[in-house]
Amino acid sequence: MKNFLVAVAAAGVVLTGALADTTKEVEKLAKQYGCSGCHAVDKAKAGPPYRIIAKEYKGKPNAKETLVKSILGGSMMKWQMKGRKYKIKIKMAYMPAQHGVNKQQAEKIVDLILKLDTK
Ligand code: HEC
């Protein structure tokens, strides 16, 4: 029993560490890719916070494809209503196509965004 509890506690530490790393990794990539002016993980700026994006799309079919397409081709008016749903204020009605990233980079950051802890 004691060993079991120790194992559970250790798993908890590893898990929490992994989640914190995901936040840091998303922040790092967002900065590198030039997204940070409009996005943060937990704060609404011109665009929605990445954690809320994760909450909205996690588990939905085609979540990854949809988000990659939005990054590469731009996105418009999707988040005005969603913002109300999550009680956040998004300052811009559209995201211009992000020409600074290629498909592979977009996929990489979307994978990480969808991994963010949303509890
Ligand atoms: C000029 C500001 C701006 C920049 C720069 C920007 N975004 Fe956005 N982003 C927005 C806005 C505004 C929205 C909400 C668009 C909407 O309502 O459809 C958005 C939405 C999104 C969404 C959700 C799209 C959807 O389909 O729901 C993702 C994912 C995203 N951005 C990722 C990124 C990434 C990754 C970068 C950097 C490569 C980036 N954004 C750069 C403003 C920006």
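Of the 27 residues around the ligand, those that come nearest are Cys35, Cys38, Gly47, Trp79 and Met95; a residue is counted as near a molecule if its C-beta atom, placed from the backbone, lies within 6 Å of it. Two or more residues of this shell are contributed by each of H3, strand S1 (75–76) and strand S2 (94–95), where strands (E, at least two residues) and helices (H or I, at least four) are DSSP runs numbered from the N terminus. The most is given by H3, with four residues. By residue class, the shell divides into 18 nonpolar, eight polar and one charged; Ala, Val, Leu, Ile, Met, Phe, Trp, Tyr, Cys and Pro count as nonpolar, Asp, Glu, Lys and Arg as charged, and the others, Gly among them, as polar.

The model is predicted, and local features need pLDDT of at least 70, side-chain atom pairs count only at pLDDT 80 or more, and totals for chains, interfaces and linings use all residues. Residues are numbered from 1 along each chain as its sequence is written.

The protein chain has five helices and two strands, in the sequence pattern α-α-α-β-α-β-α. Buried residues make up 20% of its 119 residues; a residue is buried if 20 or more other C-beta atoms lie within 10 Å of its own, exposed if 12 or fewer, and partly exposed in between, with C-beta atoms placed from the backbone. Of the contacts in the protein chain with a separation of 6 or more, 65% are between residues 24 or more positions apart, a contact being a pair of residues whose C-beta atoms, placed from the backbone, lie within 7 Å.

The largest nonpolar core has 16 residues, and Val26, Tyr50, Ile109 and Ile113 have the most contacts inside it. Such a core is a set of buried Ala, Val, Leu, Ile, Met, Phe, Trp, Tyr and Cys residues joined through C-beta atoms within 7 Å. Two or more of its residues come from each of helix H1 (2–32), helix H2 (50–57), helix H3 (63–73) and helix H5 (103–115). Leaving aside residues up to four places away in sequence, Ile109 touches Val26, Leu29, Ala30 and Tyr33. Lys115, also in helix H5, is partly exposed, with 17 other C-beta atoms within 10 Å. The C-alpha atoms of Lys115 and Thr23 are 9.0 Å apart, although the two are 92 residues apart in sequence.

In H2, the buried residues are Tyr50, Ile52, Ile53 and Ala54. Those of H3 are Leu67, Val68 and Ile71. Seen down the axis of H3, these residues fall within an arc of 100°, taken from the directions from the helix axis to the C-beta atoms, so they line one face of the helix. They pack against H2 and H5, whereas Glu65 and Gly73 are exposed on the other side of H3.

Most residues other than glycine have a negative phi. Asn62, in the loop between H2 and H3, is not a glycine but has a positive phi of about 60°; Asn62 counts as exposed, with 10 C-beta neighbours inside 10 Å. Met77 likewise has a positive phi, of about 65°. This residue lies in the loop between S1 and helix H4 (79–86) and is exposed, with 8 other C-beta atoms within 10 Å. Positive phi values also occur at Gly59, which follows H2, near 80°, and at Gly74, which follows H3, near 95°.

Notes:
Contact = placed C-beta atoms within 7 Å.
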